[in-house]
Every structure is written in C-alpha cells, then in structure tokens.
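Please look through the sequence and the structure below before reading on. The report that follows takes up a few features one after another.

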Amino acid sequence: MKRTLAYVGERALLVLISIVVLFPIAWMFLTAFKQPRDAYSLSLVFEPTLQNFVTVFSAPWNLGSMVMNSVIVATVTVAIAVPCAALAAYSFSRFRVKGRKFLFFLILSTQFIPAVVIVLPFFLMFRQLNMLDTRLALIIVNLAIVTPFVIWMIKGFIDAIPTDSEEAAMIDGASRLRVIKDIVLPMAAPGIMTSSIFCFILTWNEFLFALILSRRDAVTLPVGLVSFRTERGDLWELMSAAGVMITVPIFIMALFIQKHFTRGMTAGAVK
Amino acid sequence: MKDRLLPYWLLIPAFIIVLATTIYPLAYSFITSFRAWDLTKSRRPEGFVGLDNYIYATSESQFLNSLWVTFIFVITSVILTVILAMALALLLRRKGPMHTFTRIILILPFAMSPALIGVSYRFMFNPEFGVIANGLGAVFPALQGVPWLADPQLAMGVLVLTDVWHWTPYMTFMCLGGLASIPRETEEAARIDGASNLRIIFGIILPQMRGVILVMAVLKTIFALKMFDQVVTLTGGGPGTSTETLAYFIFNVGFRWFDMGYASALAWILTAIMMFISIWYVRMLLSERKMATA
C-alpha cells in the first residue's frame with residue numbers, strides 16, 4: 001500500500017513537472033493560432049487560424065527578412081567558427097604546444113566576460129566603419145562568444161577518441177594532415193555536428209548584440225519580437241506567431257542532439 | 001620541420017578570431033573606461049580622466065541600485081535553481097518511460113530563446129488576460145487582479161521565476177551527471193540497513209555531490225550576473241528601476257545616454273566581479289581536488 005502510494009506520487013510529480021515546463025511553451029503555440037479576440041481571452045476552445053502567420057510575414061512586420069537575417073548570421077557564424085575551432089581543438093588535444101596551458105586558459109576565460117563589455121567597443125568601431133545594422137557586424141560579434149565555446153566542446157569530443165589508429169597510420173607513413181582529414185575528422189564527425197548545432201542555437205537565440213548593433217536591415221528574430229510592442233499595446237498573437245518561428249527549428253535541432261545535450265553543455269565544466 | 005610547426009598552424013585561425021573579437025575589444029573598452037566620451041557631444045574620444053568614471057560610480061545612486069538589484073536577483077535565482085535542480089535530479093535518476101519522457105521535455109526551456117521567454121512570461125502575467133495571473137486569481141481569490149509586473153517586488157519575483165524556469169533543467173542535467181558518477185555501494189548498504197530515503201539523501205548522496213553543487217552554484221552565479229535578455233523583454237528594468245540589473249544599467253548608460261566612458265567603466269566593474277568569482281571558484285575546485293586525493 002505504501003509502495004503504490006509512493007509510486008503514484010512519483011508519477012504525479014513527474015506529470016506536474018512536465019506541465020510546468022511545457023505550459024508556457026504550449027500557451028505561446030496556442031496563442032499563435034488564435035484570432036486576436038481569442039488571444040485576449042483565456043479560452044481553450046477557439047477557432048484556429050493561420051492569419052497571424054500571414055500577418056507577420058507581410059508589411060509592416062516583414063518577418064521574412066528577419067528569418068533571412070537569423071538564418072544567414074547563424075549559418076555563417078557556424079561555418080567560420082566550427083572549422084577554425086576544430087583545428088585548434090585538435091591541436092590542444094594532441095600536442096604539447098609551448099604555453100598551451102596559458103592559451104587554453106585565455107580562451108576559456110573569455111567565456112566569463114559579459115557580452116555587454118564586448119559590444120560597447122564593437123558599437124564604436126562599427127559606427128566608425130559604417131557597419132552598424134549589417135549582418136557582417138553581427139557575425140563578427142557572435143564569433144567572439146561562439147568560438148571559445150566550440151573549441152572547448154570539440155576538444156572534449158576529440159579527447160575521447162583513442163589515438164591508436166592515428167599512430168598506426170603515421171607509422172605507415174601518413175602525414176599529420178592526412179591523419180586529421182581521413183581518420184580524426186570522420187571519427188569526430190558526430191561531435192562536430194553536435195557542436196555545430198549548439199553553436200547555431202546560441203547564435204540563433206542571441207539578443208543583446210542584435211539589439212544594439214541592428215536597427216532595420218539586419219534585425220534578427222529575437223529582436224524582432226520587440227517590434228510587436230506598439231502604441232496600441234503588445235500584439236500578443238503576432239508575438240506568439242513570431243515566437244513559434246523562432247522556436248520550432250531550434251526544438252527540432254535540440255531533440256536531434258538530445259543524447260549529447262548534457263555532455264555538450266557541461267563539457268569541462270564538471271571536470 | 002613542417003610537422004613541428006603544425007600544432008601552431010592549427011591554432012592560428014582560431015586565435016585570430018579570439019584576438020580580433022575578444023582581446024582587442026576588451027583592450028579598447030579598458031582604455032575607453034578612463035576617458036570622458038559622450039557620443040552625443042563628440043564623435044571621437046575625448047581626453048583621459050583617470051579613474052573619474054570609476055570614482056563617480058561609487059556614489060552614483062542608479063549604479064548602486066543596479067548593484068543591489070543584481071545581488072538580490074543572483075542570490076534568489078541561484079539558491080532556487082540549485083535546490084530545485086538537485087531535487088529534480090534525485091527524482092529523475094530512476095529509470096522508466098515517464099522519467100525518460102520528462103527528461104526529454106526538460107531540454108526544451110534551455111533551447112528556448114531567453115528574449116522569447118521574457119515575452120511569454122510578460123504575456124502570461126498580464127493581470128487582465130494573462131493565463132497565469134488569472135489562473136492564480138481563480139485558485140487563490142486573494143491574488144485576483146494582482147499587478148504582477150507593476151509592483152517592484154512582484155516584478156522581481158517574476159523575473160527570478162523566468163530565470164529559474166530557464167536554467168533549472170540545465171542544472172538538473174548537471175546534477176544527473178554528478179549523480180551518475182558517484183558509486184552506489186554505500187547507498188545500497190545503507191538501504192539494506194533500513195536507512196530512510198531522507199537520511200540517504202542528506203547523509204550519503206549530498207555530501208558526495210558537494211563538488212558538483214559548488215560548480216553549479218558558481219556557473220549559475222556567472223550566468224545570472226550576465227542575464228540581460230529577459231530584463232529587456234519582461235520588465236524593461238521596471239517598474240521604476242526595481243529590476244534594473246547591472247547588465248541592463250550598463251546597456252542604458254551606453255546606448256540610451258551614450259556615455260561611453262562611464263559605460264565602459266561599469267562594464268569593467270561587472271567583469272571584475274565575474275573574474276573574482278571565477279578565480280575564487282577555480283581555487284575552491286583545486287582545494288576540493290586536493291582534499292579528494294589526500
């Protein structure tokens with residue numbers, strides 16, 4: 001009797017936790033499909049509509065251009081950061097470079113620097129160079145946050161690969177670069193993929209840089225949310241529709257790397 | 001010869017990025033922090049003023065307010081997150097389909113855009129049509145029509161709540177990682193001896209989790225110090241300046257008042273606080289390890 005009670009209690013608690021976690025997300029999704037009059041009532045019964053999505057993608061909101069900006073900024077940041085970080089991670093993992101400890105510490109310590117410190121000088125520099133409100137500016141600044149993080153992550157994955165096959169290939173006369181290209185990269189591919197997705201999520205959700213460095217042309221999705229605050233008040237149904245556009249691609253990616261989730265985010269942190 | 005230099009070649013691309021995007025701007029802002037530079041008056045930096053910007057901060061009430069707000073926010077959100085995460089991890093450590101399902105669900109908040117989290121909670125806590133505000137009012141009549149985001153203390157509470165909601169899952173995964181790495185023998189022996197669950201948790205599991213809990217607390221402190229997005233989208237620092245955290249205040253000084261010198265000095269004060277905590281944290285970790293090996 002006592003055991004069944006504990007059993008039921010534990011299950012009930014799990015259900016409760018799932019509800020607390022899911023509810024805010026679910027409510028946003030529901031609101032995105034409500035007509036304005038339903039969005040401002042608490043009804044669970046409503047006639048769903050796709051009108052909000054049509055509205056946010058047309059003038060004056062033009063969410064399409066924000067989606068483009070977000071996709072381009074996140075993709076290019078990943079495309080630059082991940083290859084550079086992978087090479088550095090391999091070097092940190094396999095070689096005893098002089099000053100290696102200092103360099104690695106330097107890279108890691110940049111993670112503790114608040115983004116607001118970095119964005120001040122970048123704002124001044126981009127202003128001088130007439131680069132404010134460009135995607136390039138956002139890509140450059142995002143690289144600052146993402147690169148150290150990805151080096152750290154990929155190093156964790158490479159450390160876990162045994163060196164035997166690399167050594168065997170080198171005894172057979174393969175060069176180090178050959179070894180990297182033909183042995184290490186294929187073996188590290190799942191880890192690099194996971195790191196790329198983390199890198200993409202980080203850039204996709206980035207808000208502070210985009211808020212400060214973009215005005216009109218380079219606005220990304222998270223900053224776009226703020227534009228639904230009008231003199232008439234917050235347009236919740238449109239905000240929610242934009243929120244769905246931000247969330248869906250990320251959730252798909254997050255579930256895709258679900259198994260690596262903790263390992264990625266805590267890489268090194270617990271060690 | 002070529003092979004000997006290869007390790008360095010591999011590092012160069014990443015280092016160029018880190019130098020250009022982090023080290024250089026840091027140096028730039030450090031220098032700026034000793035200058036007077038009001039962007040509304042001058043396009044170019046004005047003269048050096050020594051420590052004036054830093055000295056000004058020690059007596060400026062809005063900065064001191066933001067320091068206090070940050071302190072309250074950090075303390076409450078760190079304590080709540082760590083305790084909840086530990087409790088959730090103890091619950092989720094068992095195996096079962098529902099446990100697995102809940103674990104997958106827990107990934108979602110952390111993948112969500114923090115700016116969007118702020119927006120969603122703002123919506124849900126709206127006293128007129130917000131689902132949480134009205135739901136609470138329906139269950140507890142005393143809470144009917146409470147202006148959650150218009151009251152300084154309550155707004156801070158909601159801000160902490162969004163942050164706890166955002167970070168608890170991540171910290172739960174850290175705890176689960178820690179729990180998985182401690183040996184089960186002592187626990188099982190105690191269970192056979194008839195020790196209660198509470199005794200096992202407080203007497204056996206938690207002492208072994210000390211290192212992980214410490215890491216979590218420090219990491220969460222650093223993340224909480226940096227927290228910015230939700231302040232903008234949830235409260236806008238208000239009502240008044242009751243939720244104006246340090247990061248948000250720096251943003252205001254820099255990009256509303258355009259006082260670049262002062263903003264840079266404040267940014268470096270925040271950096272110094274974070275560095276102090278990280279160094280302290282690394283030293284704690286090292287002494288933990290020494291104790292473990294001794």
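The model is predicted, and the mean pLDDT of chain A is 88, with 95% of its residues reaching 70 or more. Residues 267–271 of chain A, however, stay under 50 in pLDDT, and for this stretch the model has 12 contacts beyond four places in sequence.

| Helix | Residues | Length | Reach | Expected |
|---|---|---|---|---|
| H9(B) | 197–208 | 12 residues | 16 Å | 16 Å |

In H6(A), 13 of the 14 residues are buried, so this helix is largely enclosed by the rest of the structure. H6(A) is followed by A:Asn130, whose phi is positive, near 55°.

In H9(B), the buried residues are B:Ile200, B:Ile204 and B:Ile205. They cover an arc of only 85° around the axis, which puts them on the same side of H9(B). These buried residues pack against three helices of chain B, namely H3 (61–92), H7 (152–181) and H8 (185–192), whereas the face turned away from the buried side carries the exposed residues B:Leu198, B:Arg199 and B:Phe202.

The largest nonpolar core has 199 residues, and those with the most contacts inside it are B:Phe228 and B:Leu266. Leaving aside residues up to four places away in sequence, B:Leu266 touches B:Ala57, B:Phe63, B:Phe249, B:Ile250 and B:Val253.

Technical notes
Residues numbered from 1 in each chain as written. Chains lettered and ligands numbered in written order. Predicted model: local features only at pLDDT ≥ 70, side-chain atom pairs only at ≥ 80, totals over all residues. Heavy atoms only, no water. Core = buried A, V, L, I, M, F, W, Y, C linked by side-chain atoms within 4.5 Å. Buried < 20%, exposed > 50% of the residue type's maximum accessible area, 1.4 Å probe, protein only. Contact = heavy atoms within 4.5 Å. Helix = DSSP H or I, 4+ residues; strand = E, 2+ residues; numbered from the N terminus. Expected span 1.5 Å × (residues − 1). Arc of directions from axis to C-beta. pLDDT = per-residue confidence, 0-100.
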